[in-house]
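Please keep the sequence and the model at hand while reading.

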Amino acid sequence: MKFVLILISLLFGQLAQAACSAYMGQAVINEVYKGTGAPGNGRFYEVRLLASISSAVTSGWSLRICTAGGSCTTTGLSNADGDLFLLNSSTPSTTYFALGNIDIVLRDADGNAIDYLSTGTTSGQYAGLGCTSFPYDIVANPLASNTFAVRRVPDGTGNWTSSSGNSGGSTPDTSNDGSTPSTLAAFRIFHAGQAINCQGAQITIRAVDSGGNTLSSFTGTINLSTSTGHGTWSNVDGLGTLSAVGNDTGTASYAFVAADNGEVVLKLDNRHTESLNIDLSFGGITESASYDPDLVFMPQGFQFIANGSTTLPHQIAGRTFTGGPFILRAVSTDESNNQCTALLDVAGAVGMAAECEDPTTCTANPVYGGSTSLPVNPDNNVTSYTGIAVNFVNGETTLASLRHDDAGQLRLHARATLSIAGVSQLLTGVSNAFVVRPFAFALAVPGNPAAADATGAPFQRAGAVFSGTARAVMWQGADDANGDGLPDVGANLADNATTPGFGRHVSAPTVTLSHSLVSPAGGDAGTLGGGGSLGAFTTPANGEKALSLSWNEVGVIGLSADTADYLGSGLAITGSLSPIGRFYPASMSALILAYAPVCAAGNPPFTYAGLTGTKAGQPFAVTAKVCACRPGAACQDAVTGDCLAPALNFDTTNLPSTNYASRVTGATASLLSGAAPWAAGSLSLVNALNFENGTATLNDPAARLDFTAAQAPQSLNLQLAVCDHNGTAPTDSSCTGTDDNAASTVSAAAVSFRLGRLRLVSASAPVDQALDLPAQAEVWTGTQWLGHGADQCTNPDGALASLSAYTDNLAAGETTASDGAAGLTAGQSASLIRLSAPGAGNDGSLQVLLDLTNAGNFLPWLREDWNGDGALDPGPTATASFGQYRGSDRIIEWREVN
């Protein structure tokens, strides 16, 4: 329960110099909020407990706040239980909430410092603390502008942070960041239960929260003692400071530091033959009753030796133990120097057993000598042994091969009644706790085609959920040719047996699943859904973990499973699977489709259409942009992050042929036909687009549109559809098949298409004058050809006209063609072709052809079947006449009209 505390202004004088409190690390100043208005309007100090401390203890605690100017006030804490929060106080005054101008000390009942905070550069109290080493951040600086609050993030144990103005708000009586810091609940003590006087005993001490989880953030000084007052403490692997109180007193203290991660191994030497119990305290917190076994010291017993050391090394599940030779030695304590000496005169069989520490019960038996199973016993309850025939020489016997076909932490036990100097005596012994780790993690993804790159078989759409499994498995020689204890590259772990103990630990080991990009090179690694910490390996069975994964990118990936420190042994376990894929886009999005009329200056603007089987339409430019989409929101553009980011050319083969004929609105589909890319009104995107950062662009200046029959002018709206056929080869040429992946369409603004032709008009002139041939653009209205006044863009080169069929006195070469004065205006030109004057005596006529299939005048969409023979003529013709009919003197020009 949390209580709102009453702020009591205590008019204490300056406290005398004190020291570090025994409660340091068990409570912190957690937040200061200065409020936003008049006194009492929301300001508070917040103190959070990180350990279970009674209100009887905290009622004597206080906060002392001083300003940079030297003014100080002390506020007491009372009626506290659990986290301490000081809320909505009108006292002390606003002076003591001036962030950037105060420092604060949290003190225990003896005035010793528990925690300290300096805001800005104010630190007047620090020099007088008599304590300069605090486990957590003590300085809130630099401060944001106009700071209203400072707070620890993560809550309770993190560094101080601030926010500009009141933007960060305040979090009284709640977490600063949504987290709840673990609270120290107890300590757990682990040891072998028995020890030889001359060898001593290793003692593991672990700080835990109420759930029994290691409190890795724990810091503080614990007090150690033994029930008999005997023994001498020393440090084995602690990074903090051990301070022994005298020799053979059983008393010491150990200062945990953050680098200990909440656990330390110490050694207790004791020359007394006795049973004792270890006691420890930290404030009001002691050892857990369930993890406080008695420890028996004896003058003689068995030692387990590995390659000369009394510490058995860690091993790998399924592999014969390495690090030997392994020896069982019978020893006795030499009381003169407390050294272990071999018992030379011993004989008899030895009982051996295994104790399961984590998991606390085993599902597999260690194997001795290749065939003898050693009985397994629960943690702290070893009662079952198996007799092993051994032969002691000089107090030692070699242990035959050992193996354990599961994962976990074990101890080996030995006991025997041996004849020593003619006297039968019971000897017992226990090894150190050692870890047997899984060989590796075997990863599997059912249905994975293991594509190497974009040309491989498809697997899953980006963002789609796919399943997998991770198993902790035993060693096999075929997977470890070099004997380094790690899987060889390409090792097949699918047939390796599972280690079920990996799913039965007291606390689940941290296994992290991550991914890496295999292909394309330089692509986006994306995000692996379902990765990160995997939790306990218990589903679908112990030692196994079912995976539900997704990847939001395009390409091929690999998976890796890793744990860095299995059961505190420092041993890493790894496993990988690669390649996995190919993953293809979640969907395709047509972002842009645009095409402009060729004759934009026309009124209205227009483009000439062609006729299927006769003449091709006028080329017009089309621009398209396509996005390969991530899952979720519809693609908009690469800038938004919605487009995938494969490297150039990835997945270019997955876009289908898309026929414009089925994408036309405002006219019947029969208006378009044909199948060749960009020919006769159809567009094919197969193998046409190269993707970079998830988008592909297409710019084609030569699209054509053909009518299948003569039509009146049509305003047509083109539409582009894209899809990727679920990453497979398409079974149809559209985006409507059952294998299609979420088709996307985009439309372009409508453009007027018109069926047209160009007519030349016959004319005559005197032999001493140039002759201009007029031209007229015409459009089919649906019933007849009429002049096309919207054409202001057609401008063929009259100089390319061909001349033939000379009559009378006119011969070839006597007149030549040149370009007229201008192209069409309002659909007409009075002088499209100019013929030079042939001169006196060269009267006659000729035929003029403007060939629209000529490379210099390529205008096939304006051709026409002028002679009615069923085939398009190369271009329009006209008759030009020079001086053949003088006529009336009152007639300036005589022109023949067809």
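What percentage of the contacts in the protein with a separation of 6 or more comes from residues 24 or more positions apart? Such residues account for 69% of these contacts, where a contact means heavy atoms within 4.5 Å.

## Basis of the description

This is a predicted model, in which local features need pLDDT of at least 70 and side-chain atom pairs count only at pLDDT 80 or more, while totals for chains, interfaces and linings use all residues. Residues are numbered from 1 along each chain as its sequence is written, and side-chain values use heavy atoms, with hydrogens and water left out.

## Overall composition

The protein has one helix and 68 strands. Helices (H or I, at least four residues) and strands (E, at least two) are DSSP runs, numbered from the N terminus.

Of the 898 residues in the protein, 49% are buried. Buried means under 20% relative accessible area, exposed means over 50%, and partly exposed lies in between, with a 1.4 Å probe and protein chains only. The protein exposes about 36200 Å², and carbon and sulfur atoms supply 49% of that area; accessible areas come from the Shrake-Rupley method with a 1.4 Å probe, and for residues only the protein chains shown count as cover.

Strand β27 (residues 326-334) pairs with strand β28 (residues 339-342) in the antiparallel sense over four bridges. Two strands are taken to pair if DSSP finds at least two bridges between them. The two strands form a hairpin with four residues between them, and Asn338 in the turn has a positive phi of about 60 degrees.

Thr333 lies in strand β27, and its bridge partner in β28 is Cys340. Is Thr333 buried or exposed? Thr333 counts as buried, at 12% relative accessibility. Leaving aside neighbours within four places in sequence, Thr333 is in contact with Ile196, Asn197, Cys198, Pro299, Asn338 and Gln339.

## Strand β20 and its partners

Strand β20 (residues 263-269) pairs with strand β15 (residues 201-208) in the antiparallel sense over six bridges. Within this pairing, Ile205 stands opposite Val264 in β20.

Strand β17 (residues 232-235) also runs antiparallel to β20, joined by four bridges. Here Trp233 stands opposite Leu268 in β20. As background, side chains in a regular strand alternate between the two faces of the sheet.

## A four-stranded open sheet

In what order do the four strands of the open sheet lie? The order is β61-β68-β67-β64, and the pairing is mixed. The edge strands are β61 (763-765) and β64 (802-804), each of which pairs on one side only. From one strand to the next, the twist averages 25 degrees; axes are lines fitted to C-alpha atoms, for helices over the stretch in contact, and angles run from 0 to 180 degrees between N-to-C directions.

The bridge partner of Ser804 in β67 is Gln847.

## Disulfides

How many disulfides does the rule give? The count comes to five, a disulfide being a pair of cysteine sulfur atoms within 2.5 Å. One of them is formed by Cys66 and Cys72, with sulfur atoms 2.0 Å apart. Its torsion about the S-S bond is about 115 degrees, so the disulfide is right-handed. Cys66 is buried, with a relative accessible area of 4%, whereas Cys72 is partly exposed at 26%. Another disulfide joins Cys356 to Cys362, with an S to S distance of 1.9 Å. The link of Cys356 and Cys362 is left-handed, with -130 degrees about the S-S bond. Cys356 counts as buried at 0% relative accessibility, and Cys362 is partly exposed with a relative accessible area of 22%.

Cys599 and Cys793 also form a disulfide, their sulfur atoms 2.1 Å apart. The torsion about the S-S bond of this pair is about 80 degrees, so the disulfide is right-handed. The pair links distant parts of the chain, 194 residues apart: Cys599 is in the loop between β48 (587-595) and β49 (607-608), and Cys793 is in the loop between β63 (785-787) and β64. Cys599 counts as buried at 3% relative accessibility, while Cys793 is partly exposed with a relative accessible area of 35%.
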